[in-house]
There are 2 protein chains.
Amino acid sequence: MSRSSTNDPDGSPARSHTLAAIVSIGDELTLGQSLDTNSRWLAQRLVERGIVPMEHLTLPDDLAGITAALQRLADDHDLILCTGGLGPTADDLTRQALAQASGDVLIEDAVSLEQIRTWFAGRGRAMPALNAVQALRPSRGSAIPNEQGTAPGIAAHISSAAGDGADCFCMPGPPREMMAMFDSHLAGLLRPPAGRTVLTRSLHTMGLGESEIAARLGDLMRRDASPLVGTTASWGMVSVRIRYEGPGPAQEAQRAIRAVEQRVRESVGQWIICEQEASLAAAAVDALRRASQTLTVVESCTAGLLGSLISEIPGASDVFAGGWITYSNRLKHSQVGVPEELLAAHGAVSAQTAAAMARGGLERGGADHCLAITGIAGPSGGSEEKPVGTVYIAHGNRHPQGQHALIDVRRFQMAGDRESIRQWSARSALAILWYALAGRADTPLLRQTVRELH
Amino acid sequence: MSRSSTNDPDGSPARSHTLAAIVSIGDELTLGQSLDTNSRWLAQRLVERGIVPMEHLTLPDDLAGITAALQRLADDHDLILCTGGLGPTADDLTRQALAQASGDVLIEDAVSLEQIRTWFAGRGRAMPALNAVQALRPSRGSAIPNEQGTAPGIAAHISSAAGDGADCFCMPGPPREMMAMFDSHLAGLLRPPAGRTVLTRSLHTMGLGESEIAARLGDLMRRDASPLVGTTASWGMVSVRIRYEGPGPAQEAQRAIRAVEQRVRESVGQWIICEQEASLAAAAVDALRRASQTLTVVESCTAGLLGSLISEIPGASDVFAGGWITYSNRLKHSQVGVPEELLAAHGAVSAQTAAAMARGGLERGGADHCLAITGIAGPSGGSEEKPVGTVYIAHGNRHPQGQHALIDVRRFQMAGDRESIRQWSARSALAILWYALAGRADTPLLRQTVRELH
């Protein structure tokens, strides 16, 4: 294990944090009643710092189980990040487990107790007796302040017969409290490895399937290559991940990643829409902003999902004016002017209706672009001619090269359940807009079967 | 360990599946590039069957690591469900790890190979050479058909020196393929314990904070109680979970759960909106359907999120007509008729604007109810008078007891980041509608600071 130059308080050289485990604690997680999003967030923060998350573990509220897991993890890892189980109620057992795993006893931390009292006082309440337990910590450990709630974090070292043991940091489970604690207090306590670099780069494509991307990447995806290249697919988007892990300095890692990225771009560059953490919606908002253009949406089967993805992006209001959720035919007619005869002749799920929705949105919303979606998300509503998964997406552009608005209508045959069809549809609409703004409106998308220009 | 009456193919009594581990495999998961949702889904399916998920584990694409983890898990569990790592590329290592962990070799499964060829032929393509590797399975294991993709699943037994070992089922990582394979082929292979019952019940409340719920539940939440009662909080909703785990028959478990549920309802029943898997949106859609009434929405800061939550529910179109995403002031005025003077005098985030949005939505949409949301989701846009998190939610009801539409406007001070404020706002709007339909419109919600009737 590499050693950094920082020292422990007792003067011995402090080991760097190289191999991490992330532990989430709570019955509601193991039983599937809640979805764990903390582990992913923490993993990203560790990777950014060159620390490799080797394992995520989710455990129930069981004292013996948590204690045993912490001891096992201390054998193979030098850093353990825990979330959950620090609440005031009887099912919160992380404090005791950490004390047992580190061979220590719990004592009351006077500073923590005062902080908890102050937290309640700030809300006009006396501290309930129940909450005093949150001020406990192992005697050789230390408390980590929580500005967002009543549960202080805890830091302690767990020894291991197999090696140097692990530094363990326990944080509260609510994501908001966990994130604030990590950013304000914990990030500074981590010791990324000095002699070892981990660097990743993600490039997100839309248009080709995963196997087509893999075929184009060829040897770049060999398992013994360095940097390693992998792919993952999600609702029409295929992400290419490049990962360097080795003894070289950061400069060398960056050079190696850049060289592979160059080769990835040569193979599949024309389908790359966004990078790293940026979402497709962020890329679309960014492209609109650079073009000084604006957008409205008219949504039927997605019914707000597209607008929601766009408005997740801070500052989206610069380019996104809003739109219409025309779930019923009545609103399609009364609010964006789709002719009743057209709805009667072609149906709500048709190229004609999609085009009329986009045209109506352009006319009434006054934006430069309008994306319209109408389709059959299922589970019912399909027919032989238009099975579940039939989706029409129209992109209206008020200011193309010519003088008239151009409407690009595409038919898709999406697969999967209601949720997949809706998510894939909203993402395809964003990709159509992005390609149009990039001057490559004729790029076909995955699952697209027909394209017409009106 | 309890034994069921079914027999293994070789005639020995087949052990039942009691303690399960769920394993997710992929660098993109451990590195935080993708969010694992499979584990939660599988945990729910196991719990429904009385099998307890004791641990979720997420591992990188590393052969030795996966192999060692499978062997360790076979010591303490009798069932292991794996997802991921069955693709055709070099970073897909689950097949080899399973063979090594079960002391076996990989052979080609002729039926699987034919199914993969057929899958490609159905899409007008020859099978790429790369995909032949997906037909491999351990020689003593068996293949599980995949109707949704090219990766067959694998079943194999992993022995353990510490006990009887574990049955291991490996499924592909894409959620759609995994879910279809589980439901069609795997569920029937599970052997829930005959002499041991696990039963859970979840009741979801909106209106009180988690500590208030806990205080009202009192002794019911004792850690040594059976059934066990726990709580979790998410965006304003506090869920109460009741869990029975014991040797009794299903009847006794149900009786025990019902008795505790009765006491939970006596303590916090007036805040319970929905149960089990039902979402708040499903409860609202259901309440509208029972009242034969309809809904539109007018969304500013949530910009489609509320419509999206409602339209996630299959059949929502019976009661949900759609609405407007009035992200810009211009659309607030032009599309739902909020007077420009009113916007100028009070601002877009005000009780007056929220009320006008709801009134305009009622008038133009023709539905019985209209929910309007306007607020400051941040990170920027806050002021001293109206900090980030200030949200107004208006509920317009066309047909209250009197003759005139009634508009109920509430001010909230939400906490957290942009995503929290948006999610909490959309859920609060649904709760306001639900309480109104239940005849208890005056129920205050968490974070609500002011209520006015217009």
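The following questions and answers set values computed from a predicted two-chain model against the definitions behind them.

In this predicted model, local features need pLDDT of at least 70, side-chain atom pairs count only at pLDDT 80 or more, and totals for chains, interfaces and linings use all residues. Residues are numbered from 1 along each chain as its sequence is written, and chains are lettered from A and ligands numbered from 1 in the order in which they are written.

Q: How do you know that the copies meet through the same surface?
A: Two residues are in contact if their C-beta atoms, placed from the backbone, lie within 7 Å. The contact takes 71 residues from chain A and 70 residues from chain B. Of the interface residues of chain A, 96% are also interface residues in chain B, so the copies meet through the same surface.

Q: Why is β20 of chain A, together with β20 of chain B, said to stand at the edges?
A: Strands (E, at least two residues) and helices (H or I, at least four) are DSSP runs, numbered from the N terminus, and two strands pair if DSSP finds at least two bridges between them. The open sheet has 12 strands in the order β20(A)-β19(A)-β18(A)-β17(A)-β15(A)-β16(A)-β16(B)-β15(B)-β17(B)-β18(B)-β19(B)-β20(B), with mixed pairing. Each β20 (448-453) has a single partner strand, so one side of each is left without a neighbour in the sheet. From one strand to the next, the twist averages 15°.

Q: What makes β15 of chain B and β17 of chain B a pair?
A: Five bridges join β15(B) (residues 295-299) to β17(B) (residues 369-375), and the two run parallel; the threshold is at least two bridges. One of the residues concerned is B:L295, whose bridge partner is B:H369.

Q: What makes β4 of chain A and β4 of chain B a pair?
A: Three bridges join the two strands, each spanning residues 52-59, and they run antiparallel. A:T58 has B:H56 as its bridge partner.

Q: Why is β5 of chain A called largely enclosed?
A: A residue is buried if 20 or more other C-beta atoms lie within 10 Å of its own, exposed if 12 or fewer, and partly exposed in between, with C-beta atoms placed from the backbone. Five of the five residues of β5(A) (residues 79-83) are buried, so the strand is largely enclosed by the rest of the structure. A:L79, A:L81 and A:T83 point one way, A:I80 and A:C82 the other way. β5(A) pairs in the parallel sense with β10(A) (residues 163-171) over five bridges, and five bridges also join β3(A) (residues 19-25) to β5(A) in parallel. A:L81 stands opposite A:I22 and opposite A:F169.

Note on methods: Axes fitted to C-alpha atoms, helices over the stretch in contact; angles between N-to-C directions.
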